Amino acid sequence: DLGGASGAFVIALAQANARLEGCVFDLPPVRPIAEDYFRSSGLDGRLAFRAGDFWKDPLPAGSDAYSLGYILHDWSTEGGTFLLRKVAAALRPGGLLIVGEGLWEDDRSGPAWIARSDLNMLLAARGRERSARDYREWIEPLGFRIERVQPTSRGKQFIFARRVVS
């Protein structure tokens, strides 16, 4: 989980799949927080923390999947493209990219909380909210094929994309 902070996403995945092993890749000060959550979830043997800066450091190699949860909306298209290219270079063909974000409707008619978040991203970060169509048009030329977009009961959606076999 790139920029995975406390590890909530990888913990949820590991709790749902007893064979899954994973790691959070984030800045060094996050380590004690993530490792505490791993221990309190009883998953510290299956989950690990790797310190690094996804802007500067190589991504952990050998993963079957990489996830970016509420990461891409923080950045401009150029910044996000840089990160997606790093994932594409690290991920084996056929490997999985999971993007978790709140999504605009394709016609930008809502939801209202995404409109508020979009304004926040514009003012507080460098990014913006996007629609599933925006993500498709953005990431497919970078070597991925979107398989599905899965909504959740809390408004977040997960985009599942496979690294195209060259």
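In this predicted model, the buried residues of helix α4 pack against strand β4, residues 96-104. The buried positions in α4 are I114, S117 and M121. They lie on the same side of α4, because the arc they cover around the axis is only 60°. The face turned away from that buried side carries the exposed residues A112, R116, L122 and L123. The helix itself runs over residues 112-124, and its 13 residues reach 18 Å from the first C-alpha to the last, close to the 18 Å expected.

I turn now to the aromatic residues. The count of aromatic pairs comes to six. In one of them, W55 and F82, the ring centres are 5.7 Å apart and the planes stand at 20°, so the pair is stacked. This pair links distant parts of the chain, 27 residues apart: W55 belongs to the loop between β2 and β3, and F82 to helix α3. W55 is partly exposed, at 29% relative accessible area, and F82 is partly exposed at 37%. Together with F54 and W75, these two residues form one aromatic cluster.

A further pair, Y135 and W138, is tilted, with 5.7 Å from centre to centre and 40° between the planes. Both residues belong to helix α5, where a spacing of three residues separates them by about one helical turn. Y135 is buried, at 1% relative accessible area, and W138 is buried at 9%.

Finally, I note two contacts between charges and rings. The charged end of R148 sits over the ring of F160, 4.3 Å from the ring centre. R163 lies over the face of F144, at 5.9 Å from the ring centre.

Note on methods:
Residues are numbered from 1 along each chain as its sequence is written. This is a predicted model: local features need pLDDT of at least 70, side-chain atom pairs count only at pLDDT 80 or more; totals for chains, interfaces and linings use all residues. Side-chain values use heavy atoms; hydrogens and water are left out. Helices (H or I, at least four residues) and strands (E, at least two) are DSSP runs, numbered from the N terminus. The expected span of a helix is 1.5 Å times one less than its number of residues. Buried means under 20% relative accessible area, exposed over 50%, partly exposed in between (1.4 Å probe, protein chains only). The arc is that of the directions from the helix axis to the C-beta atoms. Contact means heavy atoms within 4.5 Å. Rings of Phe, Tyr and Trp (its six-membered ring) pair if their centres lie within 6.5 Å; planes under 30 degrees apart count as stacked, over 60 as edge-to-face and the rest as tilted. A charge sits over a ring if NZ of Lys or CZ of Arg is within 6 Å of the ring centre and within 35 degrees of the ring normal.
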